[in-house]
Amino acid sequence: MPTWAWPAAAVSLGVPLLALAIDWWLGEPPARWHPVVWMGSALHRGGEWVAPLQPVARDFRRFWLGALVWIALAAIVLIVSWWLQHAALMLLAWLAVVMLAFLLKPLLAWRMLHDEVLAVELALGQSLPAGRAQLARLVSRDVSALTAVQVRESAIESLAENLNDSVVAPLFWFALLGLPGAALYRFANTADAMWGYPGMRSGRYWQWAGKWAARADDVLSWVPARITALLLAVVARGLPFAALARQARKTPSPNSGWPMAAMALALNVRLAKPGVYTLHSKGRRAGPLDTRRAARLGTQVVLAMVPVVAGLQLLVLVVFAWAHA
């Protein structure tokens, strides 16, 4: 095994916990310094080039154009993040930990998600229109006709889904591939959020241009989404797996249903997107305390993910050592 691998692994073990601490203490960096904002800007410009203004029939040219632009941007993300990680690992060990933690932090967003979801509940306490307006900061769906209970359900669903997208999945890919893995996942997730629509959005037609982005996110989120659900089951002191799997399959997405179904079962509440799905239909109506309970469960999952990441990193190290023995 190369002599650099052991110190690099030792450095990486301390990075996730410090990055989560930075996230909780400092929150999000300014937009002008935020790499996910930069990714979004690049995807916006690329989307203007690949997605047509009007609906079109089956269009494989747009599909492959979208795929090529996605791959080109992903390559830039991988190269830049690899170079930054390489530069950090050239520093003294403690300084490398700090540098990598600050580089990883913008790819995580638990503090912001936690606070935004609780802000929805606080706004609902003032008025239904205020709750709807606050929810609109979190979700892309039309909130104008939602009842107070539906606003609360949507906030809890968003917390559960983004618990995976904003914390568990980036940490999972960091454990396997370091900073480039976490950066690639956040790029793929951002691309799916901006391009992965089966129709018109923001004046452009994404059915074919965004299909690659949607499928890439599905692939990269598959394992982390199920880890998120399992961790929710653990912190909730056990959930029936058969019921969890059955509820998770009710959503159109192959992944988001898992953390949302786990949250619904853990809270024993009904969660639904009107006209699309209903999770745990026998559960009670979500109340104000359930939003706070969901936030606490989410925090417990974030903390539980730290030893999982350490275990994955050690496993990768053992496999690497065995392969080079």
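Modeller: Trp83 is exposed, with 53% relative accessible area (buried is under 20%, exposed over 50%, partly exposed in between, using a 1.4 Å probe and protein chains only). Before you go on: this is a predicted model, where local features need pLDDT of at least 70, side-chain atom pairs count only at pLDDT 80 or more, and totals for chains, interfaces and linings use all residues. Residues are numbered from 1 along each chain as its sequence is written, and side-chain values use heavy atoms, leaving out hydrogens and water.

Colleague: Got it. Which helix does Trp83 lie in?
Modeller: Trp83 belongs to H3, residues 60–89. Helices here are DSSP runs of H or I with at least four residues, numbered from the N terminus.

Colleague: And which residues form the nonpolar patch on the surface?
Modeller: Ile76, Val80, Trp82, Trp83 and Leu84, together giving about 530 Å² of accessible area. Areas come from the Shrake-Rupley method with a 1.4 Å probe, and for residues only the protein chains shown count as cover. Patch members have over 30% relative accessible area and no salt bridge; nonpolar side chains (Val, Leu, Ile, Met, Phe, Trp, Tyr) are joined within 5 Å, like charges within 9 Å.

Colleague: Switching to salt bridges: how many are there in the whole structure?
Modeller: The search finds 11, counting a side-chain nitrogen of Lys or Arg within 4 Å of a carboxyl oxygen of Asp or Glu. One of them pairs Lys105 with Asp23, with the closest N and O atoms 2.9 Å apart. That pair spans 82 residues, from Asp23 in H1 (residues 5–26) to Lys105 in the loop between H4 (93–104) and H5 (110–126).

Colleague: Is Lys105 buried or exposed?
Modeller: Lys105 is buried, at 3% relative accessibility, and Asp23 is buried too, at 1%. Both belong to a salt-bridge network that includes Glu28.

Colleague: What about Arg111 and Asp115?
Modeller: Their side chains form a salt bridge at 2.7 Å, N to O. They sit 4 residues apart in helix H5, so about one helical turn separates them. Arg111 is partly exposed at 26%, as is Asp115 at 34%.

Colleague: Last topic, then: at what angle do H7 and H8 pack?
Modeller: About 130°, with the axes of H7 (residues 148–195) and H8 9 Å apart. Axes are lines fitted to C-alpha atoms over the stretch in contact, and angles run from 0 to 180 degrees between N-to-C directions.

Methods:
Helices (H or I, at least four residues) and strands (E, at least two) are DSSP runs, numbered from the N terminus.
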